[in-house]
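Good morning, and thank you for the time. Please have the sequence and the model in view as I speak.

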Amino acid sequence: MISKKMTKALNGQLNKEYHSAYIYLGLSAWASEKGYNGCASWFMVQYQEEVAHGMKLFNYLDEQGASIELKDIKAFNFAGTTLLEAFEEAFAHEQKMTGWLNELSDLAMKEKDHATYNMLQWYVMEQVEEEALFSDIIDKMKLIGDNGNGLYNLDKELGQRTFVDPTTQA
Ligand code: FEO
């Protein structure tokens, strides 16, 4: 059984995962509108990943017999104009997610809630992968700059990404 405080905090994270999904859905729509179809597809895969992250928390709360609260999902509107800005905004968001997950882990440790702490370590490691993924794409985009051919090829490369449910991976 997890505490009321932990339940509230995990429900907050559940909402943040779905807000993340919303962000990537929004970026996918934006990229598609601009003709970056590969990136649109890449962001759509990321959207699916975030939904899977949300479901993992949902299932954990359910298994623990905790109350699940589905709150409003904050709106997302991308105000940038370039692909680099889109990925930088996403990267900054992922860094915030990492911070929140670390805070959740701290709380679980403080409460000696080993099951929740253990479950959260999956997210902590998932964030390491996500941050590396975004950072790598941003580095490539910075190298390419305004080169149309380079952007065209990178868009094509990113379009190859396929969805593999991360929660089924070790
Ligand atoms: Fe679920 Fe990208 O953090």
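Let me begin with a definition: rings of Phe, Tyr and Trp, the last by its six-membered ring, pair if their centres lie within 6.5 Å. By this rule the count comes to 10 aromatic pairs. Please bear in mind throughout that this is a predicted model.

One of these pairs is formed by Y24 and F43, with ring centres 6.2 Å apart and planes at 15 degrees, so the two rings are stacked. The pair joins distant parts of the chain: Y24 belongs to helix α1, F43 to helix α2, residues 37-63, and 19 residues separate them. Are these two residues buried or exposed? Y24 has 0% relative accessibility and therefore counts as buried. F43, also at 0%, counts as buried as well.

Ring pairs also link Y24 and F43 with W42, F87 and F134 into a cluster.

I turn now to the packing of two helices. Helix α1, residues 4-34, and helix α4, residues 114-144, pack at an angle of about 25 degrees, with their axes 14 Å apart. Angles under 35 degrees count as roughly parallel, and α1 and α4 are therefore roughly parallel to each other. The crossing of α1 past α4 is left-handed.

Which residues make this contact? From α1 they are M6, L10, E17 and Y24; from α4 they are T116, M119, L120, Y123 and F134. By class, the residues of this contact comprise seven nonpolar, one polar and one charged.

To close, I return to Y24 and F134: both belong to the aromatic cluster, and both take part in the contact between α1 and α4.

Definitions and conventions: Residues numbered from 1 in each chain as written. Predicted model: local features only at pLDDT ≥ 70, side-chain atom pairs only at ≥ 80, totals over all residues. Heavy atoms only, no water. Axes fitted to C-alpha atoms, helices over the stretch in contact; angles between N-to-C directions. Helix = DSSP H or I, 4+ residues; strand = E, 2+ residues; numbered from the N terminus. Parallel < 35°, antiparallel > 145°, perpendicular 65-115°, else oblique. Left-handed = near helix turned anticlockwise from the far one by under 90°. Contact = heavy atoms within 4.5 Å. Nonpolar A, V, L, I, M, F, W, Y, C, P; charged D, E, K, R; others polar. Phe/Tyr/Trp six-rings, centres within 6.5 Å; stacked < 30°, edge-to-face > 60°. Buried < 20%, exposed > 50% of the residue type's maximum accessible area, 1.4 Å probe, protein only.
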